[in-house]
Amino acid sequence: MSKDRFASVWDAIEDTPSQAENMKLRSALMIALKDYIETEALSQSQAAKLFGVTQPRISDLVRGKIELFGLDTLVNMLAAAGLQLDVRVAKAA
């Protein structure tokens with residue numbers, strides 16, 4: 001058994017650092033959208049209308065189907081909800 005330590009599960013399971021970073025971003029955006037839906041007590045249908053997507057897409061989102069969402073789609077959904085995305089770039093450890 002490997003004793004490697006990873007900063008993120010994505011670092012452990014993705015093949016390249018760029019793939020891991022992409023998954024970290026997608027995961028964070030999906031969590032933010034899911035939290036927004038819960039905080040606003042939106043039904044999936046209401047969230048779909050607000051985000052400009054279908055109800056099945058919201059179902060995929062809340063069920064964590066990360067492979068079905070690209071960064072562009074998630075950013076567009078955030079903007080449609082009136083949410084602002086802040087980006088911080090730092091040198092890797």
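Visitor: How many residues has the largest nonpolar core, and which of them have the most contacts inside it?

Guide: The model is a predicted one. Its largest nonpolar core has 17 residues, and those with the most contacts inside it are Leu-33, Phe-51, Ile-58, Leu-61, Leu-74 and Met-77. Helix 2, helix 3, helix 4 and helix 5 each give two or more residues to this core. The largest share, six residues, comes from helix 2.

Visitor: Which residues does Met-77 touch?

Guide: Leaving aside residues up to four places away in sequence, Met-77 touches Leu-33, Phe-51, Val-53, Ile-58, Leu-61 and Phe-69.

Visitor: What is the pattern of the chain along the sequence?

Guide: The chain follows the pattern α-α-α-α-α, with five helices and zero strands. Of its 93 residues, 26% are buried. Among contacts with a separation of 6 or more, 50% are between residues 24 or more positions apart.

Visitor: What makes helix 2 roughly perpendicular to helix 4?

Guide: The axes of helix 2 (residues 17-39) and helix 4 (residues 55-62) come within 9 Å and cross at roughly 110°. Angles of 65 to 115 degrees count as roughly perpendicular. The crossing angle falls in that range, and therefore helix 2 is called roughly perpendicular to helix 4. The crossing of helix 2 past helix 4 is left-handed.

Visitor: Which residues make the contact of helix 2 with helix 4?

Guide: Helix 2 contributes Met-30, Leu-33, Lys-34 and Ile-37, while helix 4 contributes Ile-58, Asp-60, Leu-61 and Val-62. By class, this contact of helix 2 with helix 4 has six nonpolar, no polar and two charged residues.

Visitor: Why are helix 2 and helix 5 called roughly parallel?

Guide: The axes of helix 2 and helix 5 come within 10 Å and cross at roughly 25°. Angles under 35 degrees count as roughly parallel, and helix 2 and helix 5 are therefore roughly parallel to each other. Helix 2 passes helix 5 in a left-handed crossing.

Visitor: Which residues of helix 2 and helix 5 meet?

Guide: From helix 2 come Asn-22, Leu-25, Arg-26, Leu-29, Met-30, Ala-32 and Leu-33, and from helix 5 come Leu-71, Leu-74, Val-75, Met-77 and Leu-78. The contact of helix 2 with helix 5 divides into 10 nonpolar, one polar and one charged residues.

Visitor: Which residues are buried in helix 4?

Guide: Ile-58, Ser-59, Asp-60 and Leu-61 are buried in helix 4; the term requires under 20% relative accessible area. The buried residues of helix 4 pack against helix 2, helix 3 (44-51) and helix 5 (71-80).

Visitor: Where is Ala-41 placed, and what is its phi?

Guide: Ala-41 lies in the loop between helix 2 and helix 3. Its phi is positive, about 55°, although Ala-41 is not a glycine.

Visitor: How do you know whether Ala-41 is buried or exposed?

Guide: The relative accessible area of Ala-41 is 62%. Exposed means over 50%, and Ala-41 is therefore called exposed.

Terms used
Residues numbered from 1 in each chain as written. Predicted model: local features only at pLDDT ≥ 70, side-chain atom pairs only at ≥ 80, totals over all residues. Heavy atoms only, no water. Axes fitted to C-alpha atoms, helices over the stretch in contact; angles between N-to-C directions. Helix = DSSP H or I, 4+ residues; strand = E, 2+ residues; numbered from the N terminus. Parallel < 35°, antiparallel > 145°, perpendicular 65-115°, else oblique. Left-handed = near helix turned anticlockwise from the far one by under 90°. Contact = heavy atoms within 4.5 Å. Nonpolar A, V, L, I, M, F, W, Y, C, P; charged D, E, K, R; others polar. Buried < 20%, exposed > 50% of the residue type's maximum accessible area, 1.4 Å probe, protein only. Core = buried A, V, L, I, M, F, W, Y, C linked by side-chain atoms within 4.5 Å.
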